[in-house]
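Subject: Structure for your review

Dear colleague,

Please find below the structure that I am handing over to you.

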Amino acid sequence: MAPSRATRGTRARRSSPRRRSAFAALTIAVLGVLLPGTAYLVARRTKLGSTLIVLSLALYGGAAYVGLRKRDAVISWALNPSVLNWMIIGLAAVALVWVVVLVTSYKMLRPLTVGPGSRMLGALVIGVLCFAMTVSTATGAQTLMAQRNLVTKVFGGDESKSQTRPTITPKKDIWQQLPRLNILLLGADDGEGRGGTRTDTVMVASIDTKTGNTSLISLTRNFMRMPFPEDSPLHKIYPTGFWDPNDPKEQPEFYLDAMYRNIPRLHPGILGPSDNEGADILKVSVGEALGLQIHYYVQINLAGFAQLVEALGGITVNINYPVPVGGNDDKKIPPSRYLEPGPNRQLNGTDALWFARGRYKVPTADLARQARQRCTIKAIVERATPQNVLTNYDAIAKAGEQLIRTDIPRNQLGAFAALGARVKTAKITNVDLDKKKNFPTGKNPNYAGMREIVAQALNPVRRTTTAPRKTTTVPPSTAAQPKTTTKPAADDLTSACAYNPGMPG
């Protein structure tokens, strides 16, 4: 019986000589990587080629649509460990298909009779391309794994414990529930000789979640008598604030920067189950001192802060006076060197750390350091462009795992990422708590006056016609509290961080 027409056609196609050159076959196979399936069409594998082209176009189109129209969804996926696992698997599968298509395309297209030189060249080019695709896939998978590790290690899931976080209704927009977000920023130093962790940097970032405009409020590390709300169990123990009323001397163990380590040690579990008792206690106390509800905290280990700056490729700041690197005022140990003044100074991680914390014999040392810390935050925000973050993401993620603690829930990260994009392009200001009137020293700060300033700075349309929030600190009868003006005290950080040579005063 005579063979069928389809069988004769298949045999003829397979037995016919491939008349294109080895170079042409290699070129078509390589270009076919851009749109998998096109090389199959040239090789007359119509059904397979058409199927691959349709799938490729669908994949490209879906990726473009999601990237352009569903950016919030992409952010949410990138912050979901389960989705990240599927992304890694999907990336590996796509890369495998691409390699198979490239190899089989070249095998179908290359001439049946070809010299050893051409054969070796073709194999070399195809091998190099396969290797490049494998490396790219491995790099992408490594980035996704770094992101997954960062999310799981830094941000808490359902199992995390905190008694000070706000209650968020899952089905409602988080920023409708929190029109103003208050985040406590802690710089923790557990270095040698500290006897435990001290929070030398205590700052509140108050963010208008609609506009992204951010106000930074810095508290001085040697504040005493830090208050607690009347409904807090800590208020029963310290009704006049965190200090010892029986000791008239300076009380470093009752400073603001000592609360993080001392209160959990003296009263463990007083606020209930917590992943970070010190941070929860500071949220409650700082919120009472400033008249704010502190929603979340972000704690950075200053000893490793340099790693984060290095991962970003350094920062650029204006240095208005020599900033000491090291040194100890109490022990009369001079600094090893100084950061020299100058505009647009490029700082590496180590120098950025000392720019933020150097204080040896600097006039108004704590206030000057607070000002530089705000400028450091501004510089980091400016440096963290999408291109820079993506380029250095593995290093940033690894640094973040070691440096950052927070009680921001994992399931809210998408909303926080979108808010972060608004903050980056919005205005950042400083709220001046007015040292001359409110805390000439740290022994007995006027928290009522500070609350009044904060309220006016964050809500400037509201004039103070009502009584200020009641303070829980009862000062000694001999301590006269200064009066405080009620005008807003917000300074533009662009001006505050500009190059204006001269010592602080």
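At what angle do helix α2 and helix α6 pack, and how far apart are their axes? Helix α2 (residues 22-31) and helix α6 (residues 81-109) pack at an angle of about 155°, and their axes are 9 Å apart. Axes here are lines fitted to C-alpha atoms, for helices over the stretch in contact, and angles run from 0 to 180 degrees between N-to-C directions. Helices (H or I, at least four residues) and strands (E, at least two) are DSSP runs, numbered from the N terminus. The angle makes α2 roughly antiparallel to α6; angles over 145 degrees count as roughly antiparallel, those under 35 as roughly parallel, those from 65 to 115 as roughly perpendicular, and the rest as oblique.

Before I continue, a note on the basis of the account. This is a predicted model, in which local features need pLDDT of at least 70 and side-chain atom pairs count only at pLDDT 80 or more, while totals for chains, interfaces and linings use all residues. Residues are numbered from 1 along each chain as its sequence is written, and side-chain values use heavy atoms, with hydrogens and water left out.

Helix packing

The crossing of α2 past α6 is right-handed, a crossing being right-handed if the near helix is turned clockwise from the far one by less than a right angle, and left-handed if anticlockwise. On the α2 side the contact (heavy atoms within 4.5 Å) is made by A25, L26, I28, A29 and V30, and on the α6 side by L102, S105, Y106 and L109. Of these residues, eight are nonpolar, one is polar and none is charged. In this division Ala, Val, Leu, Ile, Met, Phe, Trp, Tyr, Cys and Pro count as nonpolar, Asp, Glu, Lys and Arg as charged, and the others, Gly among them, as polar.

Helix α6 also packs with helix α7 (residues 116-154): their axes come within 9 Å and cross at roughly 175°. The two helices are therefore roughly antiparallel to each other. The residues of the contact of α6 with α7 comprise 20 nonpolar, seven polar and one charged.

The chain as a whole

The secondary structure comes to 20 helices and 11 strands. The chain has 505 residues, of which 44% count as buried; buried means under 20% relative accessible area, exposed over 50%, and partly exposed in between (1.4 Å probe, protein chains only). Among contacts with a separation of 6 or more, 72% are between residues 24 or more positions apart. Helix α16 (residues 393-403) is mostly covered, with eight of its 11 residues buried. The buried residues of α16 are Y393, D394, I396, A397, A399, G400, E401 and L403.

The disulfide

A search of the whole structure finds one disulfide, defined as a pair of cysteine sulfur atoms within 2.5 Å. C375 and C497 form this link, with their sulfur atoms 2.0 Å apart. The link is left-handed, with -95° about the S-S bond. C375 lies in helix α14 (residues 365-383) and C497 in the segment after α20 (493-496), so the pair ties together parts that are 122 residues apart in sequence. Both cysteines count as buried: C375 has a relative accessibility of 13% and C497 one of 11%. C130 likewise counts as buried, at 14%.

Individual residues

I53 is found in helix α4 (residues 46-69) and, at 14% relative accessibility, counts as buried. I53 and P36 are 17 residues apart in sequence, with their C-alpha atoms 5.9 Å apart in space. Leaving aside residues up to four places away in sequence, I53 touches L35, P36, G37, T38 and L41.

N328 lies in the loop between β6 (323-325) and β7 (337-339) and counts as partly exposed at 27% relative accessibility. N328 touches I333 and Y360, residues up to four places away in sequence not being counted. From N328 to G358 the distance is 9.7 Å, C-alpha to C-alpha, and the two are 30 residues apart in sequence.

Two residues deserve a note on backbone geometry. Most residues other than glycine have a negative phi. R44, in the loop between α3 (38-42) and α4, has a positive phi near 70° and counts as exposed at 58% relative accessibility. N344, in strand β8 (residues 342-347), has a positive phi of about 50° and counts as exposed at 54%.

With kind regards
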